[in-house]
Amino acid sequence: MEIKSILFPTDFSEGSLNAVEYAVDLARRYSAKLYLLHVIHDVVRASGFYMPHMSLDELYKDMEESAKKELERLGIDDLRDLKNVERLVLRGVPYEEIIRFANDSRIDLIVIGTYGRRGLDRVLFGSTATQIVRYAECPVLTVRFLMSSK
């Protein structure tokens, strides 16, 4: 098995941030290129609702700038010695954009965090990780985040 490229999609949630260590460690072990990706959820495309263009353009611009800053801070200590890291921000339906990017970039492995929701939570919130596992053409490593019961 040869791993030359690893994709780490993140929504900056606690569950996602828990998984970054795995992506970084694997990139280091395989000397693989690591892609850090955040997808801004395109509410118009996802919902079909019309929204005034001007306000949305500004909103998306602000969201993109914030996401880029977060990606720069993500795992900064762990990433110091990695030479081949690329940070990207895309817009769309997260699982669709992640899968499209992985396929177009010929990603060898996706590492993604998940909350492991069950029941009503899963129905209400869905699961980007589940969709990626289901439709990705490459292997996917899911890292489950277990919330403390305290």
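Contact here means heavy atoms within 4.5 Å.

**Figure 1. Overall fold of the predicted model.** The chain contains seven helices and five strands, arranged along the sequence in the pattern β-α-β-α-α-α-β-α-β-α-α-β. Of contacts between residues at least 6 apart in sequence, 79% link residues at least 24 apart. Buried residues account for 39% of the 150 residues. The accessible surface of the chain is about 9600 Å², with 51% of that area belonging to carbon and sulfur atoms.

**Figure 2. The largest nonpolar core, with 23 residues.** Ile-6, Phe-8, Leu-34, Leu-36 and Val-111 have the most contacts inside this core. At least two of its residues come from each of β1 (5–9), α1 (14–30), β2, α3 (53–73) and β4 (109–114). The most is given by α1, which supplies six residues. Apart from this core lies another, of 16 residues, including Leu-7, Tyr-35, Leu-88 and Ala-102.

**Figure 3. Surroundings of Val-111.** Residues up to four places away in sequence are not counted in this view. Val-111 touches Ile-6, Leu-7, Phe-8 and Pro-9, and also Ala-19, Tyr-22, Ala-23 and Leu-26.

**Figure 4. His-38 in strand β2 (residues 33–41).** His-38 has a relative accessible area of 12%, under the 20% limit, and therefore counts as buried. A polar atom of the His-38 side chain lies 2.8 Å from the backbone oxygen of Thr-10. Not counting residues up to four places away in sequence, His-38 touches Thr-10, Asp-11 and Phe-12, together with Ala-67, Leu-71, Leu-88, Val-89 and Leu-90.

**Figure 5. Helix α5 (residues 94–104) and the residue Arg-106.** The buried residues of α5 are Pro-94, Glu-97, Ile-98, Ile-99, Phe-101 and Ala-102. Ala-102 is also among the residues of the 16-residue core. Arg-106 follows the helix and has a positive phi, near 55°.

**Figure 6. Cys-138 in the loop between α7 (128–135) and β5 (140–144).** Although placed in a loop, Cys-138 counts as buried because its relative accessibility, 14%, is under 20%. Leaving aside neighbours within four places in sequence, Cys-138 is in contact with Ile-107, Asp-108, Leu-109 and Ile-110. Cys-138 and Ile-110 are 28 residues apart along the chain, with their C-alpha atoms separated by 7.3 Å.

Note on methods: Residues numbered from 1 in each chain as written. Predicted model: local features only at pLDDT ≥ 70, side-chain atom pairs only at ≥ 80, totals over all residues. Heavy atoms only, no water. Helix = DSSP H or I, 4+ residues; strand = E, 2+ residues; numbered from the N terminus. Buried < 20%, exposed > 50% of the residue type's maximum accessible area, 1.4 Å probe, protein only. Polar contact = N/O pair within 3.5 Å; in protein donor to acceptor, adjacent residues only side chain to side chain. Core = buried A, V, L, I, M, F, W, Y, C linked by side-chain atoms within 4.5 Å. Areas by Shrake-Rupley, 256 points an atom, 1.4 Å probe, with all protein chains shown as cover.
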